[in-house]
Amino acid sequence: METAGGTKDQPTGRTVILTDRVFQESPHRLTCASFSRFLRVKRDIVNPSYLFWYLQYLYNQGEMYQYHLQHTGVARFQYTQFATNQRVNIPSSSVQFQIVSTLNTLEDKIELNRRMNETLEAMARAIFKDWFVDFGPTRAKMEGRAPYLAPDIWSLFPDRLDDEGKPEGWQYGKVYDIGKVICGKTPPTNTPKYYGDDLPFITIPDMHSKIFVLTSSKNLSASGAAYQSNKTLPKGAICVSCIATPGLVIITTKPSQTNQQINSVIPSNAEETFYWYWILKNLGEIIRQGGSGGSVLSNLNTSRFSNLDIFGASNKMRRLYHKYAFSFFYRIQANEEESLALIAIRDFLLPKLMSGEIRVKDAEKASEMIL
């Protein structure tokens with residue numbers, strides 16, 4: 001392997017970018033930051049995509065840490081020593097191709113699910129915005145425009161806006177009007193028996209870039225959950241981060257608990273959950289901006305959170321949106337669950353393929369059964 005320094009344009013071609021933690025492939029001309037390195041491979045010997053996966057394998061196995069050098073308290077990765085000393089298992093070209101094909105098939109499906117979920121989320125958000133933010137149907141009625149929704153749905157929207165600029169009959173309220181508000185709590189960390197694998201313990205890192213939380217980096221034992229049983233959330237609770245990284249919003253998929261940086265709302269009516277998800281999601285923007293004051297509400301306690309203003313359509317409209325958007329949210333959750341399964345399979349196969357513990361054909365058969 002040959003390393004090239006950062007901040008340089010590299011020629012077009014399959015180039016592996018190496019840092020101490022992340023590996024990427026690029027088919028395009030690009031510029032690499034100073035903390036990364038390019039690996040230019042001899043293509044007649046190594047498939048760049050195979051090297052990409054092999055480097056992932058080395059990192060997952062902890063092989064990269066021996067090349068870390070502590071410098072002024074910060075670990076630096078010794079690229080040159082790594083490229084000079086690290087041995088790489090290079091099978092035949094055909095085996096390399098088969099390994100890459102197997103792993104990329106899984107990765108492509110994971111990426112497809114991610115893109116599909118982006119589209120589904122955008123569709124669900126667009127409907128909510130038209131109905132409950134822009135008041136599209138009501139404005140269309142006021143302007144005498146033709147209906148663009150089914151008659152039974154169109155008839156439910158008010159015919160005019162009131163003096164506050166909202167559809168007649170729809171009211172402002174408080175977060176506590178949605179349902180029960182619970183602030184999370186962390187069981188004593190000096191009591192090991194409180195931590196295990198029985199109940200998800202949601203923290204802020206588990207909330208990024210998702211609608212549903214399916215896994216958590218930490219879990220409680222049964223005794224840990226029982227220690228603070230009044231903090232247990234049911235499936236369908238809506239969690240909002242209010243401290244440190246405010247404004248993140250997710251929906252629980254199973255009984256869970258959270259730490260004290262998160263306030264959660266258990267909707268009084270589960271058939272309105274997806275409506276309230278977007279209300280709290282939009283509220284997240286207000287939390288980050290600090291309302292009209294402009295400063296971030298970075299330490300929003302439960303009382304202040306519960307008393308934040310929200311906009312509530314009629315009960316019938318809230319239930320209608322939940323029912324209307326159910327298929328979008330259901331598909332998003334199903335795709336996320338499938339991707340988690342595919343990631344687990346990929347991570348299981350990667351070391352076994354690279355070490356030769358299992359044959360490529362066996363791995364392909366396993367993948368085909370799932371895909």
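**A guided reading of the predicted chain**

Among contacts in the chain with a separation of 6 or more, 67% join residues 24 or more positions apart, a contact being heavy atoms within 4.5 Å. The model is predicted, so local features need pLDDT of at least 70 and side-chain atom pairs count only at pLDDT 80 or more, while totals for chains, interfaces and linings use all residues. Residues are numbered from 1 along each chain as its sequence is written, and side-chain values use heavy atoms, with hydrogens and water left out.

The chain has ten helices and 18 strands; these are DSSP runs numbered from the N terminus, helices being H or I of at least four residues and strands E of at least two. Of its 371 residues, 45% count as buried. Here buried means under 20% relative accessible area, exposed means over 50%, and partly exposed lies in between (1.4 Å probe, protein chains only).

Helix 1 covers residues 48-60. From its first C-alpha to its last, this 13-residue helix reaches 18 Å, close to the 18 Å expected at 1.5 Å a residue; the expected span is 1.5 Å times one less than the number of residues. Helix 1 is mostly covered, with twelve of its 13 residues buried. Among them are Tyr50, Phe52, Trp53 and Tyr54.

The next topic is the open space in the model. Rolling a probe the size of a water molecule over the atoms shows where empty space is left. On a 1 Å grid over the protein atoms alone, a pocket is an open set of points with protein on both sides within 12 Å along at least five of seven lines, whereas a cavity is a set of points where a 1.4 Å probe fits but cannot get out; lining residues have an atom within 4 Å of a point. Grid points are joined across faces, edges and corners, and a volume is the space filled by probe spheres set on the points.

The largest pocket has a volume of about 820 Å³. It is lined by 30 residues, of which Ile110, Asn113, Arg114, Ser209 and Ser339 are the closest to its centre. Helix 3 (93-132), helix 7 and helix 9 each supply at least two residues of this lining, and the largest share, nine residues, comes from helix 3. By residue type, the lining of the largest pocket divides into 13 nonpolar, six polar and eleven charged residues. In this scheme Ala, Val, Leu, Ile, Met, Phe, Trp, Tyr, Cys and Pro count as nonpolar, Asp, Glu, Lys and Arg as charged, and the others, Gly among them, as polar.

The rule for cavities gives one of 30 Å³ or more. About 30 Å³ of space lies in the largest cavity, and its lining consists of Pro200, Val213, Leu214, Thr215, Ser216, Thr253, Lys254 and Ser256. Three of these lining residues are nonpolar, four polar and one charged.

Asparagine 335 lies in helix 9 and is buried, with a relative accessible area of 1%. Leaving aside residues up to four places away in sequence, asparagine 335 touches Asn113, Met116, Asn117 and Leu120. Tyrosine 194 is found in the loop between strand 10 (179-183) and strand 11 (195-202), and its relative accessible area of 12% makes it buried. The C-alpha atoms of tyrosine 194 and serine 221 are separated by 5.2 Å, although the two residues are 27 residues apart along the chain.

The structure holds 17 salt bridges, each a side-chain nitrogen of Lys or Arg within 4 Å of a carboxyl oxygen of Asp or Glu. One of them joins lysine 166 and glutamate 164 at 2.6 Å, N to O. Lysine 166 counts as buried at 3% relative accessibility, whereas glutamate 164 counts as exposed at 55%.

Arginine 319 forms a salt bridge with glutamate 272, their closest N and O atoms being 3.9 Å apart. This pair links distant parts of the chain, 47 residues apart: arginine 319 is in helix 9 (residues 315-355), and glutamate 272 is in the loop between strand 17 (262-267) and helix 7 (273-289). Arginine 319 is partly exposed at 32%, while glutamate 272 is buried at 5%.
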